[in-house]
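Q: I have a structure open and some quick questions. Can we go through it together?
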Amino acid sequence: MPFSHFTCSRTYTRGTRFLFSAVAAAVLLSAGCASEVRAKRFTELLQLYPETQSPLKVRPLPDAALARDPSPRTVTIIVHPAYALFFRNEKRNTYSEAKYDLLEYQLFQETRYIRDAAKKGDIIILVIPGGYELDSIAPPSYTTYLNSMAGEGQAVYFIRSETTHSGIIALDTTVKLHGFLRSIRTSKILIGGGFVGRCQGEFYRQFTTYVENVPTFIVPEISTLSPDDISSGDAEDILTGIRNKDYQLIVDFIGNKGEEPNILGMPPTGSH
């Protein structure tokens, strides 16, 4: 390189150093603002469920159905409902907008499904994270969420997983669940919630090991993905798909997580 050209390059660099610094500062400031916006969005979601001192209105699962129905019944089991909102850590304030959009959409879709099913009198069993009163970032708000979503349902019950971070339930809970399902002549089990391949997968494997002769399915429409398990591009593609009622990417994701469950789609309950 000729010396004169090199000197010219150095002169250009010095002359534009301030501009580059300004641009870099603007990028960093933009990133900081974006982080604040994402945190604010989580705050706004939590504000939908103000803290309450009221007890949990959802009833614990009984040993047997309170009223026997002679016809076979379908039962929906939701593993760790709204987990991404109420059991997140600070890292979740730095997720991309695409991941937040997917998380929010899945939250509203799951909530709407449970609320509508509860109003119709469908049998729903919520697997609540064990110890949520200590582990949730907002335990009173989580109680509000559960009460507002399913507290008035006459056939909505809850059981607890052994820990907040696992979908496995205790042996005595498994026995109770099995007895309840037998008492209502369960014809089909639909499993939703999250996270796919994590707590939901743990529950599915345990459930299908101990409960036999009842067709059991994971339902993509009411299953949620962990933002940690997908890229921003994946999140955008998945959200585009489910907004168009296409859940194939979620089905593929379940398979990529090493799961081999029965999968069953269902008609959408509405659009968000």
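Q: Let's start with Val 175. Does it count as buried or exposed, and why?
A: This is a predicted model, so keep that in mind. Val 175 counts as exposed, because its relative accessibility is 56%. The cut-off for exposed is over 50%.

Q: Where does Val 175 lie?
A: Val 175 lies in helix α6, which covers residues 171–183.

Q: New topic: rings. How many aromatic pairs does a search of the whole structure find?
A: The search finds 11 aromatic pairs. Take Phe 86 and Tyr 142: their ring centres are 5.0 Å apart and their planes are at 55°, so this pair is tilted.

Q: Where do Phe 86 and Tyr 142 sit in the chain?
A: Phe 86 is in helix α2 (residues 83–86) and Tyr 142 is in helix α5 (residues 139–150). They are 56 residues apart, so the pair links distant parts of the chain.

Q: Is Phe 86 buried or exposed? And Tyr 142, buried or exposed?
A: Phe 86 counts as buried, at 0% relative accessibility. Tyr 142 is buried too, with a relative accessible area of 0%.

Q: What kind of pair do Tyr 157 and Phe 180 form?
A: Tyr 157 and Phe 180 form an edge-to-face pair. The centres are 5.4 Å apart, with 70° between the planes.

Q: Which parts does that pair tie together?
A: Tyr 157 lies in strand β4 (residues 156–160) and Phe 180 in helix α6, so the pair ties together parts 23 residues apart in sequence. Tyr 157 counts as buried at 6% relative accessibility. Phe 180 is buried as well, at 1%.

Q: Which residues do ring pairs link into a cluster?
A: The cluster holds Tyr 49, Tyr 83, Phe 86, Phe 87, Tyr 132, Tyr 142, Tyr 145 and Phe 195.

Q: Back to α5. How many of its residues are buried?
A: In α5, 10 of the 12 residues are buried, so the helix is mostly covered. Among them are Tyr 142, Tyr 145, Leu 146 and Met 149.

Q: What do the buried residues of α5 pack against?
A: They pack against α2, α3 (97–120), β3 (123–128), α4 (132–135) and β4.

Q: What span should α5 have, and how far apart are its end C-alpha atoms?
A: At 1.5 Å a residue, its 12 residues should span 16 Å. The end C-alpha atoms of α5 are 16 Å apart, which agrees.

Q: Switching to charges. How many salt bridges are there?
A: The count comes to three salt bridges. In one of them, Asp 122 meets Lys 120 at 3.9 Å, N to O. Asp 122 is partly exposed at 28%, while Lys 120 counts as exposed at 65%.

Q: What about Arg 160 and Glu 133?
A: Their side chains meet in a salt bridge at 2.6 Å, N to O. Arg 160 is in strand β4 and Glu 133 in helix α4, 27 residues apart. Arg 160 is partly exposed at 30%, and Glu 133 is partly exposed at 40%.

Q: And where are Asp 229 and Arg 198?
A: Asp 229 and Arg 198 meet in a salt bridge at 2.7 Å, N to O. Asp 229 is in the loop between β6 (216–224) and α8 (232–243). Arg 198 is in the loop between β5 (186–194) and α7 (199–210).

Terms used:
Residues are numbered from 1 along each chain as its sequence is written. This is a predicted model: local features need pLDDT of at least 70, side-chain atom pairs count only at pLDDT 80 or more; totals for chains, interfaces and linings use all residues. Side-chain values use heavy atoms; hydrogens and water are left out. Helices (H or I, at least four residues) and strands (E, at least two) are DSSP runs, numbered from the N terminus. Buried means under 20% relative accessible area, exposed over 50%, partly exposed in between (1.4 Å probe, protein chains only). Rings of Phe, Tyr and Trp (its six-membered ring) pair if their centres lie within 6.5 Å; planes under 30 degrees apart count as stacked, over 60 as edge-to-face and the rest as tilted. The expected span of a helix is 1.5 Å times one less than its number of residues. Contact means heavy atoms within 4.5 Å. A salt bridge is a side-chain nitrogen of Lys or Arg within 4 Å of a carboxyl oxygen of Asp or Glu.
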